[in-house]
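Hi everyone, thanks for coming. Please get the sequence and the model up on your screens, and we will walk through them together.

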Amino acid sequence: MTAVDLRPILRPGDRIVAGQACGEPTTLIEALIAQAGDIPDLSLFIATSFSGLLTPAAVDGIRVASMGAIGALRGLTKAHRLSVVPCHVSRVGPMISSGEMPCDVAFIQVAPAEPDGTHSLGLISDHVLAAVRAARVVVAEVNERVPRSCGERIDTRAIDHVVPVARDPVRVQPATITPVDEAIARHVAEFVEDGSVLQTGIGAVPDAVLRLLRDRADLGVHSGMIGDGLVDLVESGVITNARKEIDTGVSVTGALIGTERLYRFADRNPAIRMCTTDHTHDPAVLARLSRLVTVNAAVEVDLTGQVNAEQSGTAYLGGTGGQVDFVRAGARSPGGHAIIVAPSTAKGGTVSRITPGLSGPVTTARSEVDVIVTEYGAARLAGCTLAERARRLTAISHPDFRDGLEQAARAIEQRGF
């Protein structure tokens, strides 16, 4: 293609699956937004978006779906323009492959072709290959500024239409770390020992945790996504992946989400391997890792340990993501831990995130939960009765809300459940 004209390619009613996060093919998304009025009944599935392109006004005429309101997609949920598919990250690829999540057209972003006729997937791997294999048509934005990351690749022959571009890929700047984030990170860091294998998301708390680990040795990484914080720990010799039972010497991830510093570091770097979710999130793969420490976030946690990572009342804020995949793995890993983090309050301190009952759905069941951390401490819940859980969670709640939570905890103790 010499111009980005999607009208000869797309058919009315087509279901499009696009690369997500920093692997979002922004030129193709811009063309889709501009031309959707000429092609009726289009739908788009994109797992996360940080580009800012998918605004409520821009998606007029496009049905947009996702597994959560992550990144800029939160604006669509506020305008009631996002359909949420509740699913774990590990299930997206298999659902695309089986047809449960139809994919007529795959929009992907890749690095320029290598001499062997293959393209690096660049900044996102996860379910991209599943979409490519399922799609009637594959449209690839070949971006010369995308790093040639190591790992999964796509053959040029699998691409039906090439759109060459030279533009900066999406970048996500590091979050501002607050004193609350630092306090949470200090409690999390206590669970990370020499030789631990890390899984974290991106954001202020994960970044704060990584800053506290510079005195550790031989840490490993097996994560659905990684950010700029990885670079510091690799360059300082802390992350070596030397003690991992699998992928020894290699940090494994499905997404690079960060800035140009991370992208330059990942370019042709064999110490970072981009993998699909059937490796990053698969239970059988994760079961082979000892000392796996997983860190994931919550919107709220009830006194029995149920975790809501999605919704607060009528506001949809997050998503299921890979939380359950990694909570199960971390809790079962010999020497590992599954940690859920949350500030003790929300909305300027007016709402407690430790609650007698959830205001939204249960993302992670209480039977799966291992450790909950706020800035006031860490509550180990595995093996505890419901009454003991309630006491431990009350102890790490904000002091302004403890009286009410203690009453609710006593009621649980009296009932036994």
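Predicted model: local features only at pLDDT ≥ 70, side-chain atom pairs only at ≥ 80, totals over all residues.

Residues are numbered from 1 along each chain as its sequence is written, and side-chain values use heavy atoms, with hydrogens and water left out.

Let's begin with the sheets. When I say strand or helix, I mean a DSSP run numbered from the N terminus: E with at least two residues for strands, H or I with at least four for helices. Two strands pair if DSSP finds at least two bridges between them.

Look for an open sheet of 7 strands with parallel pairing, in the order S4-S3-S2-S1-S5-S7-S10. Why is one side of S4 and of S10 left without a neighbour in the sheet? Strand S4 (82-84) and strand S10 (161-165) are at the edges and have a single partner strand each, so there is no neighbour on one side. On average, neighbouring strands of this sheet are turned by 25° against each other, direction ignored; here the axes are lines fitted to C-alpha atoms, and angles in general run from 0 to 180 degrees between N-to-C directions.

Strand S16 (residues 300-302) meets S17 in the antiparallel sense over 2 bridges, with Val 301 bridging to Val 307.

On a 1 Å grid over the protein atoms alone, a cavity is a set of points where a 1.4 Å probe fits but cannot get out; a pocket is an open set with protein on both sides within 12 Å along at least five of seven lines; and lining residues have an atom within 4 Å of a point. Grid points are joined across faces, edges and corners, and the volume is the space filled by probe spheres set on the points.

How many cavities of 30 Å³ or more does a search of the whole structure find? It finds 2. The largest cavity holds about 140 Å³. Its lining has 17 residues, and nearest the centre are Thr 200, Leu 210, Ile 226, Gly 227 and Leu 230. Strand S11 (197-200), H6, strand S12 (220-223) and H7 each give two or more residues to that lining.

The second largest cavity has a volume of about 30 Å³. Among its lining residues are Val 188, Leu 198 and Thr 200, and S11 and strand S15 (292-297) each supply at least two.

Helix H6 (204-211) and helix H7 (229-235) each bring at least two residues to its lining.

Finally, the rings. A charge sits over a ring if NZ of Lys or CZ of Arg is within 6 Å of the ring centre and within 35 degrees of the ring normal. Arg 402 does this over Tyr 376, at 5.4 Å from the ring centre, and Arg 415 over Phe 417, at 5.9 Å.
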